[in-house]
Structures are given as structure tokens and as C-alpha cells.
Amino acid sequence: MSFLKFIKEQVEEVATMTDLLAIVTRNKDDLEDIEEYVARESGSDATDPTAPRVAGA
């Protein structure tokens with residue numbers, strides 16, 4: 001059963017990266033839109049103190 005879980009997770013990762021590629025392609029001249037999408041989709045409310053500052057901030 002763990003192999004099927006692994007396959008499901010891989011399919012989800014491919015879908016996520018496909019969506020990200022579409023967003024980056026569509027907004028290649030607007031990095032802030034890409035950054036907002038990634039922040040929104042990551043679902044992480046925790047702040048990483050080692051993370052670089054937000055572009056344009």
C-alpha cells in the first residue's frame with residue numbers, strides 16, 4: 001500500500017509543478033505575481049527567519 005501512496009504523491013507533485021510552470025510562463029515579467037502564487041499555494045503561515053526578503057518589499 002505504501003507504493004501506491006508514493007505514486008499518488010508523485011502525481012500530486014507533477015501536477016503542482018505543471019501548475020507552477022504555467023504560472024511562471026504566463027507571468028514571466030512579473031516576479032511579484034509568481035511569488036504571491038507560491039506563497040498562497042504553499043499554505044504555510046509560518047515565517048522562516050532564514051528566508052530572503054519578499055521581492056519589492
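Patches are made of residues with over 30% relative accessible area and no salt bridge, like charges being joined within 9 Å and nonpolar side chains (Val, Leu, Ile, Met, Phe, Trp, Tyr) within 5 Å. The model is predicted: local features need pLDDT of at least 70 and side-chain atom pairs count only at pLDDT 80 or more, while totals for chains, interfaces and linings use all residues. Residues are numbered from 1 along each chain as its sequence is written, and side-chain values use heavy atoms, with hydrogens and water left out.

**View 1. A patch of negative charge on the surface.** The patch gathers Asp-29, Asp-30, Glu-32, Asp-33, Glu-35 and Glu-36. Asp and Glu count as negative and Lys and Arg as positive, with His and the chain ends not counted; the place of a charge is taken as NZ of Lys, CZ of Arg, CG of Asp or CD of Glu. Glu-32 lies in helix α2 (residues 31–42). Because its relative accessibility is 40%, Glu-32 counts as partly exposed (buried is under 20% relative accessible area, exposed over 50%, partly exposed in between; 1.4 Å probe, protein chains only).

**View 2. Helix α2 and the residue that follows.** Helices (H or I, at least four residues) and strands (E, at least two) are DSSP runs, numbered from the N terminus. The 12 residues of α2 reach 16 Å from the first C-alpha to the last, close to the expected 16 Å, the expected span being 1.5 Å times one less than the number of residues. Gly-43 follows α2 and has a positive phi, near 70°.

**View 3. The salt bridge between Arg-40 and Glu-41.** Side chains of opposite charge can pair when their charged atoms come close. The structure holds one salt bridge (a side-chain nitrogen of Lys or Arg within 4 Å of a carboxyl oxygen of Asp or Glu). In the pair of Arg-40 and Glu-41, the closest N and O atoms are 3.9 Å apart. Arg-40 counts as exposed because its relative accessibility is 56%.

**View 4. A nonpolar patch on the surface.** Phe-3, Leu-4, Phe-6, Ile-7 and Val-11 together have about 520 Å² of accessible area (Shrake-Rupley method, 1.4 Å probe; for residues, only the protein chains shown count as cover). Ile-7 belongs to helix α1 (residues 2–26) and, at 36% relative accessibility, counts as partly exposed.

**View 5. Val-24 and Tyr-37.** Their C-alpha atoms are separated by 9.5 Å, with the two residues 13 apart along the chain. Val-24 lies in helix α1.
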